[in-house]
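These are my notebook entries on one chain, written with the structure open beside me.

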Amino acid sequence: MAKYLNYFQSGVGVSGGVEVVLHSTKRVLSKRHNDGSLSMLTMDLSNAFNIVDISALLHEVGLRFPSISCWVEFLYGQEARLYLGDTHIWSTTGVQQGDPLGPHLFVLVLHPLLHNTIYNSKLLLHTWYLDDGTLNGDSEEVAKALDVIKVIGPKLGLQLNINKTKLFWTFYDGRKLHEGLFPVGIKSRPLGVKLLGGAVSRDASFISILAIKRTENNVN
């Protein structure tokens, strides 16, 4: 995987996108599970599809897909009315619910955020599936990448949800929780994390509990 510096912007155009992200992450952690410096951070963007910046969206479409820019400008270039009974509010951000182009347009806005993160940090693996992101690498590089996302993201209408951001490691070397490395509010998960519905862990009980919960939900 060329030093694992690969990223996936979404499941759009990627066969088995969820599985690609999940198994790539597991492969990195399996190969480096005794690396005390290794950390994994799972991220979620707050209400991302509804608040992504329209001007950034139109800019990226014009830059990368000029042949459809007029059509996208027609769809998103003006504020839309959202009716509530006899009144309405104006929709000025986000991609439209049910728009087949919606996921594609969203990842176009995500694209510059990914590149800024990659250029300003040295990660082993950096993956996204729509608004769910994962960073894998040296703890200090992961923290550096997170800082980039926190600065660049809001300019694109992509706001990190710290309460849903989780930190995981397979081996602890004492550096991962030193003061100021990661923002207050990020929860550490020493046993494992759930990534896109799958378990990322080396703990048998964690994997078993998650599998049982998924089975029970399906049965119910």
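I looked up Thr127 and found that it stands opposite Thr134 in S5; strands here are DSSP E runs of at least two residues and helices are H or I runs of at least four, both numbered from the N terminus. The model is a predicted one, in which local features need pLDDT of at least 70 and side-chain atom pairs count only at pLDDT 80 or more, while totals for chains, interfaces and linings use all residues. Residues are numbered from 1 along each chain as its sequence is written, and side-chain values use heavy atoms, with hydrogens and water left out.

I then followed the pairing of S4 with strand S5 (residues 132-138), which is antiparallel over 5 bridges; two strands count as paired if DSSP finds at least two bridges between them. Next I traced the open sheet, where 5 strands follow the order S4-S5-S1-S6-S7 with mixed pairing. Its edge strands are S4 (125-129) and S7 (187-188), each of which pairs on one side only.

For the helices against these strands, I noted that helix H1 (residues 17-31) lies across strand S1 (38-44), S4, S5 and strand S6 (166-168), and runs at about 155° to S4. Axes are lines fitted to C-alpha atoms, for helices over the stretch in contact, and angles run from 0 to 180 degrees between N-to-C directions. Helix H6 (residues 139-152) also packs on the sheet, where it touches S1, S4 and S5, and its direction makes about 145° with that of S5; contact means heavy atoms within 4.5 Å.

Leaving aside residues up to four places away in sequence, Val72 touches Leu57, Leu58, Val61, Gly77, Leu101 and Leu105. The C-alpha atoms of Val72 and Leu101 are 9.1 Å apart, although 29 residues separate them along the chain.

Phe74 lies in helix H4 as well, but I listed Phe74 as exposed because its relative accessible area is 61%.

Last, I checked the whole chain, which has 7 helices and 9 strands, and of its 220 residues 41% count as buried. Among contacts between residues at least 6 apart in sequence, 67% join residues at least 24 apart.

Key:
Buried means under 20% relative accessible area, exposed over 50%, partly exposed in between (1.4 Å probe, protein chains only).
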